Amino acid sequence: MTLTTTLITFPLSVGQLRPWREGDEDSLVYHASNRRIWNNVRDFFPYPYTPRDAHAWVRSNKSYQQPNNFAIEVDGQAVGNIGFTVKDDIYRYNAEVGYWLSESYWGRGIMTEALPIMTSYIFQNFQVNRIFACVLEGNTGSMRVLESAGYQHEAIHRKAAVKNNKYLDEHIFSMLREEHKDLMR
């Protein structure tokens with residue numbers, strides 16, 4: 001991890017994870033506006049992804065001292081995102097991790113490299129005991145990424161999600177702080 005003035009970056013073999021910044025909007029629109037990506041994420045992720053959506057995203061994410069969303073930069077372009085949300089109330093020690101990557105970069109191991117980095121970042125910097133991810137049925141690539149990072153397949157919420165007017169199973173993967181410590185030994 002590199003700290004430069006307040007910018008946290010993490011090197012990847014083909015790029016880096018870094019905070020979102022002004023100038024990322026065009027590549028965000030280009031890479032995010034993809035129906036195959038949208039089919040595997042929550043509906044609040046816009047499709048089509050417009051310049052207005054990109055400006056709002058960058059504006060809302062560029063100024064955090066401790067960011068919870070990182071641009072995945074490859075060849076100088078923001079080609080994806082990995083981030084998390086700490087939950088509240090009785091789930092306040094849980095963080096939900098999520099990510100997407102431009103279809104042009106699928107199958108190259110980028111997310112397989114990024115997820116363990118993000119997992120360590122969350123456990124090191126936030127008071128979280130459990131990190132989880134929700135994956136829609138059929139998204140086997142994302143399931144493999146989670147399993148290779150050491151996440152456990154803990155549940156299937158049967159037909160719990162609706163996407164494209166179809167009921168879909170939601171697969172829950174998780175990692176506990178103690179499991180992460182064991183992996184790091």
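In which loop is Asp 75 found? Asp 75 lies in the loop between β4 (69-74) and β5 (77-86), where helices (H or I, at least four residues) and strands (E, at least two) are DSSP runs numbered from the N terminus. The structure is a predicted model, in which local features need pLDDT of at least 70 and side-chain atom pairs count only at pLDDT 80 or more, while totals for chains, interfaces and linings use all residues. Residues are numbered from 1 along each chain as its sequence is written, and side-chain values use heavy atoms, with hydrogens and water left out.

The protein chain contains six helices and nine strands, and its C-alpha atoms fill a box of roughly 40 × 40 × 35 Å along the principal axes. The radius of gyration, taken over C-alpha atoms, is 16 Å, which agrees with the value near 16 Å that a compact globule of 185 residues would have; the globule rule is 2.2 Å times the number of residues to the power 0.38. Of the 185 residues, 44% count as buried, where buried means under 20% relative accessible area, exposed over 50%, and partly exposed in between (1.4 Å probe, protein chains only). Among contacts (heavy atoms within 4.5 Å) between residues at least 6 apart in sequence, 61% join residues at least 24 apart.

The accessible surface of the protein chain, by the Shrake-Rupley method with a 1.4 Å probe, comes to about 10,300 Å², of which 49% belongs to carbon and sulfur atoms. The mean positions of the 20 positive and 21 negative charges are 2 Å apart; Lys and Arg count as positive and Asp and Glu as negative, with His and the chain ends not counted, and each charge is placed at NZ of Lys, CZ of Arg, CG of Asp or CD of Glu.

Rings of Phe, Tyr and Trp (its six-membered ring) were paired if their centres lie within 6.5 Å, with planes under 30 degrees apart counted as stacked, over 60 as edge-to-face and the rest as tilted. By this rule the count comes to 10 aromatic pairs. One of them is the edge-to-face pair of Trp 20 and Trp 57, at 6.4 Å centre to centre and with 85° between the planes. This pair links distant parts of the chain, 37 residues apart, with Trp 20 in the loop between β3 (15-18) and α1 (25-32) and Trp 57 in helix α3 (residues 51-61). Trp 20 is buried, with a relative accessible area of 1%, whereas Trp 57, at 24%, counts as partly exposed. Trp 38 and Tyr 47 form a tilted pair, at 6.2 Å centre to centre and with 35° between the planes; Trp 38 is buried at 14% relative accessible area, while Tyr 47 is partly exposed at 37%. Ring pairs also link Phe 10, Phe 70, Phe 84, Tyr 121 and Phe 126 into a cluster.

Most residues other than glycine have a negative phi, and most peptide bonds are trans. The peptide bond from Tyr 47 to Pro 48, however, is cis, with omega near -5°, and Pro 48 lies in the loop between α2 (35-38) and α3. Asp 75 has a positive phi of about 55° although it is not a glycine, and at 67% relative accessibility this residue counts as exposed. A positive phi, near 55°, also occurs at Asp 89, which is placed in the loop between β5 and β6 (94-101) and, at 58% relative accessibility, counts as exposed.
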